[in-house]
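Welcome! Please take a moment to look over the model below, and then we will walk through it together.

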Amino acid sequence: MSEDKKKDIDQISGVETTGHSWDGLKELNNPLPRWWVWVFLVTIVWSGWYFVAYPAWPTLSGHTEGTKGYTQFKELQESQDEIRDRQQAYLERFNNATYEEILDDRELYAFAMAGGASAFKDNCATCHGTGAAGGKGYPNLIDDDWLWGGKLTDIHQTLLHGIRADNYDTRISQMPSFGKDKLLNRAEVEAVTDYVLSLSGTEPKDTFEQGQEIFRKNCATCHGEDGKGMHEFGAPNLTDAIWLYGGKRADVFESIYVARAGMMPAWGPRLDEPTIRQLTVYLHQLGGGESELDADLEEQEAPLPDEGQYKDAPLESPEYENPEEFETPIEEEDAASPE
Ligand code: HEC
Ligand code: HEC
């Protein structure tokens, strides 16, 4: 619009018009609000600075770097460093504290539980289930029924060296394959199966006495005269109706006929010591851990508080339905898998 054109002033508002007219309607040419103009100018200046300071322009080989040298990786790195620094403060105290001190100190306890929970999800949930309730062959870690002991020191030892794993300090024992290796004939295995079932409350059969005799001679060394199990041998309590390999008659028969030998890798070579300690505290709290002090109580046959209350954990994921088909990422020796 050229200057020499005569200015057209709207008669009602007294404001200049743009000169455009649509069916007699004219457009007023109000000036832009001042604040708006300022914001507009500031954003232009800001964008100029941004183009220089930050990576902005694509180039043939990538993009301009920007004078601030910003990258998202660097930002991630910095925030991770910050987290690590914050953890470091706890880690030092955690590493120097005894288990008792950790349980007494709210902060250290929370630190252990959080670290333990996340390490558990990463490393253990594949076998023991996300909720640690286990499945057939993989023990439930949230009840207070322990194969190898539920004291902090027991759990620590189990984690560090594994169970029937490939090292000298691993927890190890092997129940004989009574049927398969013909230590007992079939009728004897049947009798002792029914005897074992009667320990957790099923109706005793008329072979009870025979079964009991076989049990005393062949099984009590590991499972105890009373069948309540022994942590030294990882021999389960057979009286509590908690079954590692299933409590149906056929399952128990198979456990005795071929014998089981669950294996867990040693975590010492895979996880660092603080993580193992965090996991130890986490599991001890989850699973009604035993106190270091009541070691003598075991001898006194303290009844388990949950006797008969637990059933086998439901198999939550497809892997647990066929654990023998479930390939574990860890090399296992071909110890004694039921054929
Ligand atoms: C490859 C499968 C597998 C993985 C992974 C695994 N476990 Fe195990 N875990 C087992 C088996 C099988 C047993 C039982 C061994 C037996 O029969 O004595 C077991 C037993 C245990 C026990 C002993 C329970 C008791 O009653 O004494 C603890 C504690 C345990 N696991 C903790 C862990 C933790 C913590 C992790 C992760 C760092 C983990 N497990 C990862 C298979 C696994
Ligand atoms: C050398 C020690 C030892 C002897 C002897 C022994 N067992 Fe075992 N038994 C074990 C161990 C260890 C396990 C656990 C295996 C595992 O965790 O994989 C076990 C597991 C079992 C189970 C499975 C329990 C469950 O929760 O699923 C039954 C049943 C059983 N034994 C019965 C017997 C009977 C009956 C005898 C005698 C005829 C016997 N055992 C002799 C060590 C022994």
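## A hairpin to start with

Strands E1 and E2 form a hairpin with 2 residues between them, and in the turn Asp23 has a positive phi of about 45 degrees. E1 covers residues 17–22 and E2 covers residues 25–28; the two run antiparallel and are joined by 3 bridges. Strands are said to pair if DSSP finds at least two bridges between them. In a regular strand, side chains alternate between the two faces of the sheet.

## Reading the model

This is a predicted model, in which local features need pLDDT of at least 70 and side-chain atom pairs count only at pLDDT 80 or more, while totals for chains, interfaces and linings use all residues. Residues are numbered from 1 along each chain as its sequence is written, and chains are lettered from A and ligands numbered from 1 in the order in which they are written.

The chain has 13 helices and 4 strands. Both are DSSP runs numbered from the N terminus, helices (H or I) having at least four residues and strands (E) at least two. Among contacts between residues at least 6 apart in sequence, 58% join residues at least 24 apart; a contact means C-beta atoms, placed from the backbone, within 7 Å.

Is helix H1 covered, or does it lie largely in the open? The number of buried residues among its 20 is 0, so H1 lies largely in the open. H1 (residues 34–53) should span 28 Å at 1.5 Å a residue, and its end C-alpha atoms are 29 Å apart, which agrees. The expected span is 1.5 Å times one less than the number of residues.

Helix H7 (residues 186–199) is mostly covered, with 10 of its 14 residues buried. Among the buried ones are Val189, Tyr195 and Leu199. Their cover includes helix H8 (208–218) and helix H10 (249–258). Just after H7, Gly201 takes a positive phi of about 105 degrees.

## Around the ligands

Which residues come nearest to ligand 1? Of the 25 around it, they are Cys124, Cys127, Leu147, Gly262 and Met264. Helix H5 (125–128), helix H6 (152–161) and helix H11 (273–286) each give two or more residues to this shell. Its residues divide into 17 nonpolar, 8 polar and no charged.

Ligand 2 has 26 residues around it, with Met175, Cys219, Cys222, Tyr245 and Gly262 coming nearest. Here the elements giving two or more residues are H7, H8, helix H9 (220–223) and H10. This shell divides into 18 nonpolar, 7 polar and 1 charged. A residue counts as near if its C-beta atom, placed from the backbone, lies within 6 Å. Ala, Val, Leu, Ile, Met, Phe, Trp, Tyr, Cys and Pro count as nonpolar, Asp, Glu, Lys and Arg as charged, and the others, Gly among them, as polar.

## Nonpolar cores

A nonpolar core is a set of buried Ala, Val, Leu, Ile, Met, Phe, Trp, Tyr and Cys residues joined through C-beta atoms within 7 Å. In the largest, which has 23 residues, Ala112, Phe120, Leu279, Tyr282 and Leu283 touch the most other members. Helix H4 (106–123), H6 and H11 each give two or more residues to this core, and H11 gives the most, with 4.

Leaving aside neighbours within four places in sequence, Leu279 is in contact with Gly116, Ala119, Phe120 and Leu159. A second, separate core of 13 residues includes Leu184, Val189, Tyr195 and Ile256.

Conventions
Buried ≥ 20, exposed ≤ 12 C-beta atoms within 10 Å, placed from the backbone. Contact = placed C-beta atoms within 7 Å.
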